[in-house]
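These notebook entries record what I looked up in the structure shown below.

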Amino acid sequence: MHAIDGRGDQAMGGQQDVIVIGGGMAGCAAALGAVEAGATVLMLEKATSGKGSTWQSAGSFAFAGTDLQRATGHEDSADQLARDLIKAGGGRNDSALVNRFAERQLDTYEWLRRHGVDFQRVQLSGGQGVPRSHACDPGLAMAALEASLAAHPSFRRIDNCGAERLSRQEEGWTVTADGVDYRAAQVIIASGGFSRSQQLIQTFCPDLLAGTPLGGFANTGDGLLMAMAAGCGLVDMGYVKGTFGMPLSNYPEPTLTAPDGMFLLMAIYRGAMAVNLEARRFVNESLSYKEIGGACLAQPGGVAFQVFDEGVMEQAQPIPSNMNFREALARGIVKTADSVAGLAATVGLDPAALEASVARYNAMVEQGEDTDFGRATMAGNVGKPAALTRAPYYILPCAVAVTGTFCGIRVDADGRVLDPYGDILSGLFAAGEVTGGFHGESYMSGSALAKAAVFGRITGQTAAGRG
Ligand SMILES: Cc1cc2nc3c(=O)[nH]c(=O)nc-3n(C[C@H](O)[C@H](O)[C@H](O)COP(=O)(O)OP(=O)(O)OC[C@H]3O[C@@H](n4cnc5c(N)ncnc54)[C@H](O)[C@@H]3O)c2cc1C
């Protein structure tokens, strides 16, 4: 093993002030925030570009008060966004993090756009009081940020170089990766969640062993473990939830597998109803897909079906979107029939039971009161579901994915890592999915990517001394 002092080593370009661990949205935003504030930055990435959760995501960012919202007639504000985040989080969120996010989100949206991130439209999704999911192609967004970073002479990235250990020095920190010690005054951990670690899932949220792991292939919680070893506090570990809506490409095969490039489909938020293997509804479909995920895992086989009609299909959106029902139909993942009984037969449900469930749901929608589960809206508190009466009908078998873990390292509103007593671990920062505190007990759609961008940038600026 040999040591590289980031401040002196010519091979590293010399003078690195900051090491960023992980090259997803949080890591790229942190590195950009730091280089723009004048720091030299070394990024260590365990995999390569294209492998983290950000790349696999649906590309939907929750921002409020944007030009895109105004252009589509959606009144929104930072205050409303903060209220929705606290509501989705059951009031368990760290209000300092929510408030800082609300203050900085609009500016971060503009900053991402200046770096070439192309937000194409605004759509409604789970837990939002106003349509505020700003959809972009996540691969193009990441490519734009990576290009901005590559253009900075004070930035260097090493791929296939996973950080393994973190140790405090008299001044700064040493990161050991691939047998080499890298030193810097400030370290930012942005290594994503632990959805790919069965051991950590079993430790913190064993119910999710029944879910299907998605998310960054290298996201095994390394940054969380390193921060724990350095003495960080933990927050929100009890609130990890699965995500409802992972389409099953091979239903009724026993292995639950998501189709390539199509990880989540949310017809429920366009008015689909959801039933279990007994063809019975089991949940209020307008809840956050995290809440529905919990309800789905409690159903037989952990499997459910989104059932909808032509009126819902007409609202399908091409990517970037988790509303890409037409492509799912073309790929045979969504099945169709001219009648509800025929639809049941395509996936082996009891036709009479599904007819009865659809008829009951339609009657309640028409009466304006869902006495079974209290569904009153399409999603969050927006929109009214319509009765499912327009043939052809559609059915989408789906299950619960562990798309992210949304808990972990305790940080302050500048992204400084805190110990279990709330004291700062000097020179150590964290951002993105590896941190806890922001979401609370559940999750508003689009808030994970936006959080990674907003707090990534803040930590980069603070680590560079310009917070
Ligand atoms: C299918 C899917 C859809 C989603 N859709 C949305 C959505 O539309 N909106 C939303 O808000 N959220 C969504 N999410 C969640 C969101 O994508 C993540 O929370 C977010 O991308 C996290 O960003 P990050 O930078 O913290 O982590 P990542 O993007 O996962 O980046 C972490 C990086 O760290 C690297 N790494 C890991 N360990 C190490 C190590 N030891 N050393 C060095 N590098 C390391 C990884 O390889 C990875 O590149 C989705 C997630 C999935 C899986």
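**Entry 1: nonpolar cores**

I began with L112 and listed its contacts, leaving aside neighbours within four places in sequence: M25, F61, F63, V117, F119, L145 and A453. The model I am reading is predicted. I then looked up the core to which L112 belongs: the largest nonpolar core has 91 residues, and L112 and I409 are those with the most contacts inside it. Helix 1 (residues 25-36) supplies the largest share of this core, nine residues. I also noted another core, lying apart from it, with 62 residues, including M246, V340, M378 and A399. As general background, I recorded that nonpolar side chains tend to be buried together in soluble globular proteins.

**Entry 2: aromatic rings**

I checked the accessibility of both residues: F61 is buried at a relative accessible area of 2%, and F63 is buried at 0%. The two rings also belong to a cluster in which ring pairs link F61, F63, Y109 and F119.

I next examined F406 and Y443, which form a stacked pair with 4.8 Å from centre to centre and 25° between the planes. I located F406 in the loop between strand 18 (393-402) and strand 19 (408-409), and Y443 in the loop between strand 21 (424-430) and helix 14 (447-463); the pair therefore ties together parts that are 37 residues apart in sequence. I found both F406 and Y443 to be buried. I also noted a charge at Y443: K290 lies over the face of this ring, 5.3 Å from its centre.

**Entry 3: cysteines**

How many disulfides does the model contain? My count came to zero. I examined C205, which is in no disulfide; the nearest cysteine sulfur, at 6.7 Å, is that of C407. From the side of C407, the closest cysteine sulfur is that of C205, and I recorded the 6.7 Å between them as too far for a bond, because a disulfide requires sulfur atoms within 2.5 Å. I found C205 buried, with a relative accessible area of 8%, and C407 buried as well, at 1% relative accessibility.

Key. Residues numbered from 1 in each chain as written. Predicted model: local features only at pLDDT ≥ 70, side-chain atom pairs only at ≥ 80, totals over all residues. Heavy atoms only, no water. Buried < 20%, exposed > 50% of the residue type's maximum accessible area, 1.4 Å probe, protein only. Phe/Tyr/Trp six-rings, centres within 6.5 Å; stacked < 30°, edge-to-face > 60°. Helix = DSSP H or I, 4+ residues; strand = E, 2+ residues; numbered from the N terminus. Lys NZ or Arg CZ within 6 Å of the ring centre and 35° of its normal. Core = buried A, V, L, I, M, F, W, Y, C linked by side-chain atoms within 4.5 Å. Contact = heavy atoms within 4.5 Å.
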